[in-house]
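Me: I have a model open and would like to learn how to read its side-chain features. Where do we begin?

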Amino acid sequence: MFRLLSQIFTFFRRRADTNEEQQETVQGESKLKTVQGFVTSYGSDHGWIDESIYFSADATGNASLKVGQKVTAVVEEDELSSRLKAIKVDAISENFEVIIQPDPKMRVLAGCVTRVKKNIVYIDKKLYFSLDIFSTGFVPYKGDWVEIEYSKKSRNSKIKAHSVKPMNCKHVENIYITSIEERNGVIDYSIFFTLDSLKCPAGYEPQEYDLVNAVIVESTQVGCTWRAVSITPVQSSL
């Protein structure tokens, strides 16, 4: 009798332990999330993604990363410090990726512009589009991330692009031009611009230390993850 009761007790205890382990696993997994971002700094043993997510060299699997590179990261939040830490970082080696659309007939391709020649914009050697389908007023530049809405009649047919727009676009105000060298410059130490592809008010020429408002798009440039497509002076240098 005692032996029977002991076996029953052991059985229910194991079930309780298993349930507790499953609950702990679910709770632990709920703290993790997967994000995409850009490497904003990287040293010999650690780096930062979007200036807010820390990662160690071990999290990259010893892969070679560089500032400005787009990555996918599995991120956890420290309960005590609330600091975000990436436990796994993978470089996005392709120049494009497919985003799932609710409409099965329409798809969106997210890609990085590799070249602009005359009126043709290249995502890679095989994927290119005419400037005519780009959003009004947006002129892409090498390094810009764009979203291409397209459709295909069949699996082996060519892509038919319907529209192209910047992947991310926003307006920033009251920031200073921090450097200009020849035809390229930087705003607020983090936003690249080039006079070869920049809209300005008539008669205005950007100068270092000018206070400006800007429209910026996500773009992979040296040391920067944004590019200004237009700027308006708030206060010009004297």
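This is a predicted model: local features need pLDDT of at least 70, side-chain atom pairs count only at pLDDT 80 or more; totals for chains, interfaces and linings use all residues.

Me: Is N184 buried or exposed, or in between?
Reply: Relative accessible area decides that. For N184 the value is 34%, so this residue is partly exposed.

Me: Which residues is N184 in contact with, leaving aside its neighbours within four places in sequence?
Reply: Those residues are F192, F193 and T194. With T194 there is also a polar contact between the two side chains, at 2.9 Å. L195 is 11 residues away from N184 in sequence, yet their C-alpha atoms are 6.3 Å apart in space.

Me: How is a pair of aromatic rings described?
Reply: By two values, the distance of the centres and the angle of the planes. Three aromatic pairs occur in this structure. One of them joins W48 and Y54, with 5.6 Å from centre to centre and 75° between the planes. Planes over 60 degrees apart count as edge-to-face, so the W48 and Y54 pair is edge-to-face.

Me: Are W48 and Y54 buried or partly exposed?
Reply: W48 is partly exposed, at 28% relative accessible area. Y54 has 18%, and because buried means under 20%, Y54 is buried.

Me: Which charged ends sit over a ring?
Reply: The charged end of R115 is placed over the ring of Y122, 4.2 Å from the ring centre. The charged end of K170 sits over the ring of W226, at 4.5 Å from the centre.

How values were computed
Residues are numbered from 1 along each chain as its sequence is written. Side-chain values use heavy atoms; hydrogens and water are left out. Rings of Phe, Tyr and Trp (its six-membered ring) pair if their centres lie within 6.5 Å; planes under 30 degrees apart count as stacked, over 60 as edge-to-face and the rest as tilted. Buried means under 20% relative accessible area, exposed over 50%, partly exposed in between (1.4 Å probe, protein chains only). A charge sits over a ring if NZ of Lys or CZ of Arg is within 6 Å of the ring centre and within 35 degrees of the ring normal. Contact means heavy atoms within 4.5 Å. A polar contact is a pair of N or O atoms within 3.5 Å; within protein, one must be able to donate a hydrogen and the other to accept it, and residues adjacent in sequence count only if both atoms are side-chain atoms.
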